[in-house]
Amino acid sequence: MTDQTTAQEFTIQKIYLKDASVEVPNAPQVFTNEWQPESNLELNTESQKIEDGIYDVTLTLTVTTKNAGNTAFLVEVKQAGVFSARGFDEEQMGHMMGSFCPNILFPYAREAVSSLSVRAGFPDLQLAPINFDALYAQHLENQGEGNPPATSDPETGATH
């Protein structure tokens with residue numbers, strides 16, 4: 001009989017900015033219009049197994065802000081982390097990679113988006129908090145209905 005009391009271990013090995021970009025396609029004309037922005041946020045998470053018990057998780061935020069119907073700026077940030085996770089069952093690992101780790105990464109990504117928007121000459125853009133638990137639950141529900149998931153498989157890194 002095997003020991004069912006394997007200790008669970010989770011550690012953050014490294015938080016890093018994998019990629020960041022900002023585009024201001026209508027500069028300098030965009031700065032002459034009255035500022036009434038409309039922003040749209042798209043997010044995605046991916047995870048990849050690096051080696052046994054070590055995972056790379058990437059949270060991608062893409063913010064498109066329009067003013068007077070034209071794109072004022074577009075910011076994309078890929079915030080990533082290397083995490084050690086051992087002793088969790090498959091369901092727990094799915095939650096760790098699809099919710100827990102992105103929740104850790106989000107404040108870093110939010111700060112990068114804010115900084116890039118200011119550096120591009122626009123007012124500070126503060127993204128609202130995101131409930132990754134609710135998004136992950138929705139992902140599981142959609143997966144059960146045969147819809148494609150929003151996250152990738154934590155073991156293989158493949159997106160379904």
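Trainee: How many helices and strands does the protein have?
Mentor: In this predicted model, the protein has 2 helices and 4 strands.

Trainee: And in what order do the elements run from the N terminus on?
Mentor: The order is β-β-β-β-α-α.

Trainee: Changing topic. How many aromatic pairs are there?
Mentor: The count is 6 aromatic pairs. One of them is Phe10 with Phe83, with the ring centres 5.7 Å apart and 20° between the planes.

Trainee: What kind of pair do Phe10 and Phe83 form?
Mentor: A stacked one. The angle of 20° falls under the 30 degrees that set the limit for stacking.

Trainee: Which parts of the chain does that pair tie together?
Mentor: Phe10 sits in strand β1, residues 9-23, and Phe83 in strand β4, residues 70-86.

Trainee: Is Phe83 buried or exposed?
Mentor: Phe83 is buried, with a relative accessible area of 0%.

Trainee: Which residues do ring pairs link into a cluster?
Mentor: Phe31, Trp35, Phe73 and Phe122.

Trainee: Now the largest nonpolar core. Which residues touch the most other members?
Mentor: The core has 30 residues, and those with the most such neighbours are Leu59, Leu61, Val77, Met97, Phe106, Val113 and Leu127.

Trainee: Which elements give two or more residues to this core?
Mentor: Those are β3, β4 and α1. The largest share, 11 residues, comes from α1.

Trainee: You listed Leu127. What is Leu127 in contact with, leaving aside neighbours within four places in sequence?
Mentor: Leu127 is in contact with Leu41, Leu61, Val63, Phe106, Arg110 and Val113.

Trainee: Last topic, the whole protein. What share of the residues is buried?
Mentor: Buried residues make up 36% of the 160 residues. The protein exposes about 9,300 Å², and carbon and sulfur atoms supply 48% of that area.

Methods:
Residues numbered from 1 in each chain as written. Predicted model: local features only at pLDDT ≥ 70, side-chain atom pairs only at ≥ 80, totals over all residues. Heavy atoms only, no water. Phe/Tyr/Trp six-rings, centres within 6.5 Å; stacked < 30°, edge-to-face > 60°. Buried < 20%, exposed > 50% of the residue type's maximum accessible area, 1.4 Å probe, protein only. Core = buried A, V, L, I, M, F, W, Y, C linked by side-chain atoms within 4.5 Å. Contact = heavy atoms within 4.5 Å. Areas by Shrake-Rupley, 256 points an atom, 1.4 Å probe, with all protein chains shown as cover.
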